[in-house]
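User: Please take a close look at how one chain of this assembly is held against its partner. I would like the contacts, the charged pairs and the elements involved to be treated together, with the surrounding parts as context.

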Amino acid sequence: MNTTTHLDPSLPESGKTLSTLRQIGKTPSLLIGIIMFAILILLALFIPYLSPYQPSEQNLSAFLQPPSSAHWLGTDQLGRDLFTRLLYAARTDLTIMILAEIIPFCTGVMLGMISGYYGKWTDRIISLITDTFIAFPFYLIVIIVAFASGAGERGIYITFILVGWIVFARVVRGLSASFRKQEWIASAQTLGLPGIRIILRHLLPNVLPQAVVVLMTDMIGLLVAIVTLGYLGIGIAPPTPDWGTMISDGQPFITTAWWLSAVPGFAVVYTGIALSLLGDGLADIWRKK
Amino acid sequence: MELALQVQDLTVRYGGFTALDHIRLELEQHTTLGLVGESGSGKSTLARVIAGLIAPDEGQILLGSEELRKKRSKEQHKQIQMIFQNPDASLNPRHTVRQILAEALLFHRIVDRSQVGRRSTELLDRVQLEARSLDKYPHEFSGGQRQRIAIARALSVEPSLLIADEPTSALDVSVQRSVLELFHTLRTELHLTMLFISHDLGVIHAVSDTVAVMRQGKLVEVNTKDEFFIRPKHEYSRELLSAVPKMPR
Amino acid sequence: MTTQPILEVESLTLAAKSQEKLVHNISFSLERGESLGLVGESGSGKSLTLRAILGLLPRGVEQTGGTIRSKVSSSMVFQDPRGALDPLCPVVKQLTEVVYYRQKTTHKAARTIALELLERLGLPDSLRTKDRYPGQLSGGQCQRVVIAMALACKPGILLCDEPTTALDVTVQQQIMDTITSLQRELGFAMVFVTHNLAIAANLCSRLVVMKQGRMIEHGETHRLLRQPAEAYTQMLIDSVLPLPELEGGRTSWN
């Protein structure tokens, strides 16, 4: 009897982590997504130790080589090792992808909650801003900002701070507006809690899961945008390795050395699948709760 | 008897629709007023106006001798607490019972931070729940248990008026009975002042000292419980009372 | 006195796909024109039993044992009247469709029958000239339309799944009165599911008390109410909160 009461307090904690792990195991899409994404991140992190080559190290005597044991994915027209470049490019692209989402995610979730919770004129003003931004095509804004601020990652960051929050604001606004009608919000109000506290302590934990799922899909769109801009020559500037410039660099050799463009293209698709599986799996788990 | 609450000429309109039409109501201290009415009668709107969730268009509310204005002080908020109908939605799904009770206790400085755990256990004990419920989430409880947690939360800040809006309507009959018994115990032990809303006349009979009947935004009758159930003054009250299905003899 | 039953349920067992038993070994029978009440709380399996009789089990639930023999057709009245009607189709048109398909008449005759039914159920006459959408009717009126649709199928058995739970008491009383008088007139049998023992007692001559998928007691209503064999039945009886007798008598019921 004594031992059971003694053990009890520790039970919820360990039980909780265990059940979370079990849930991940029971959701194949999440498990596969985590594994795929983890492989990519680990390779990108450890590429300096895995590869004897530098990403910009040219070797003009060994250009356009097909895959071999020395060069796992072959070399490009300047003799640079494709595998090494691919993963250094992953570092660039994934870092921008993640960093560019942070501010828009925070502002979008916050504005969405404020808009949905307060309603009335607050909602009208925020909705007006979102609708106005939606009227402009994303790529148009990116290109204008890129020309105004010069090519490179800065344009992507600026554009995304400007427009990236909209998708989060819209989703979170809808969720918050429906939660607002629920009685637990009314009881928090009856307690006299100030609005900002209700938003941060009560609404936030409830909208966050859905917002994170949206974040996963939004990242895919952002990655494609980074790659597209690189491809068009207004994104990441050479010699910094980037999947977009790699695709466009390989284009003249598409008939002779197709893998030059195909491999970075595949990397984009791979990342996209990993992220959408991750998003789907998370959504599944949260829906069950 | 001292008056705990006075509602004077309270009116709420939504566009052209009058949800509350010049309601006048008085509630004596340490008594329970049962507010009965059919759907759309405005009884829930009245509860929400008194709780400060909806601002009235006209009229005033006095808590004791103090007028409650649109912007209420923290102390005034504390004085009126409410329990809602839907047990599935009345607790934040992502907070544990401990968090739910601690938030109320700490926000209104009912006890020191060090005393929160002990007080929470006491509160759960009041509503007949075990202390180990503290670290569970709302979805781990049944509807009746969730309603008990909602009652514990409302009582935690020691309000002078408790509003219960159909607290047993969504529950199974056996659970409804035990929750009503809990209300009865709390009434006698804590001398609560309560505004108890229900469409169920059986429930109203079980909990009230005074009965008020609403219909289409108007108050049609206020009467003592004993008078109301035997000799209702208004024709509509009689109609309601005779519509309740009864056991055949 | 012994007539042939029109519905026989014999050791009916229902289970979820996960093999979890939801309804155990339920048996009862129903005679022509008779009313049977299935009472119990949520999770008692009363609604599932009713759906099994209708042959409309929810996805994931299977009949794993027992038999249901019925000589006549049955139709059902649901708890939520708005959910049972197509919100985008006006009610007279909806009812006409049902009459047209079930009674195999011409469209014109179907409309006449539909209007007669609606009148019989006490719906406003204005529906003759101006059809309305379910959203434009009150909950009680919607439930009347649902009952009309059920009756349009000329059922031998009317299955009622808490048809008045979502309604106000005064409307509940009107609906119960309507059902009683229609039954007297048309002579259909009825299986009535409810958690309110008082309603069941007023409508049904026999009761089946269910708890957690099992039939714990059954019998003739008056006997059951006077001498319940099970504590659970007594609890259900006690849960009908008593009201004092109204001076000047009650205007209706019984």
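Analyst: Between chain C and chain B there is 1 salt bridge, a term used here for a side-chain nitrogen of Lys or Arg within 4 Å of a carboxyl oxygen of Asp or Glu. The model is predicted: local features need pLDDT of at least 70 and side-chain atom pairs count only at pLDDT 80 or more, whereas totals for chains, interfaces and linings use all residues. Residues are numbered from 1 along each chain as its sequence is written, chains are lettered from A and ligands numbered from 1 in the order in which they are written, and side-chain values use heavy atoms, with hydrogens and water left out.

The salt bridge between these two chains joins the side chains of C:E245 and B:K246, at 3.4 Å from N to O. Side chains of opposite charge can pair when their charged atoms come close. Around this pair, 35 residues of chain C are in contact with 29 residues of chain B, contact meaning heavy atoms within 4.5 Å.

The size of an interface is often given as the accessible area lost when the parts come together. Buried area is accordingly the accessible area (1.4 Å probe) that two parts lose on being put together, summed over both. For chain C and chain B the value is about 3000 Å², with 59% of it from carbon and sulfur atoms. Three leucines, C:L241, C:L243 and C:L246, supply 22% of the area that chain C buries against chain B, more than any other three residues.

The interface of chain C and chain B also has 9 residue pairs in polar contact, both partners at pLDDT 80 or more. A polar contact is a pair of N or O atoms within 3.5 Å; within protein, one must be able to donate a hydrogen and the other to accept it, and residues adjacent in sequence count only if both atoms are side-chain atoms. On the side of chain C that touches chain B, the elements giving two or more residues are α5 (169–186), α6 (197–203), α7 (221–226) and α8 (231–239) of chain C. Helices (H or I, at least four residues) and strands (E, at least two) are DSSP runs, numbered from the N terminus. By class, this side of chain C has 17 nonpolar, 12 polar and 6 charged residues; Ala, Val, Leu, Ile, Met, Phe, Trp, Tyr, Cys and Pro count as nonpolar, Asp, Glu, Lys and Arg as charged, and the others, Gly among them, as polar.

A separate assignment, automatic or from a database, divides chain C into domain 1 (1–73 + 155–228) and domain 2 (85–152). The C-alpha centres of these two domains of chain C lie 26 Å apart.

Domain 1 of chain C brings 13 residues into contact with 9 residues of domain 2. Together the two domains of chain C bury about 1000 Å², 71% of it on carbon and sulfur atoms. In domain 1 of chain C, the residues that lose the most area to domain 2 are C:I175, C:T178 and C:L182, together 37% of what that side buries.

Across this domain interface of chain C the rule finds 1 salt bridge and 3 residue pairs in polar contact. On the domain 1 side, α5(C) gives the most, with 8 residues. That side of domain 1 of chain C comprises 10 nonpolar, 2 polar and 1 charged residues.

Chain B also meets chain A: 19 residues of chain A are in contact with 24 residues of chain B. The area buried there is about 2100 Å², with carbon and sulfur atoms giving 55%. A:E183, A:T190 and A:L191 supply 35% of what chain A buries against chain B, more than any other three residues. A salt bridge links A:R197 to B:E103, with the closest N and O atoms 3.4 Å apart.
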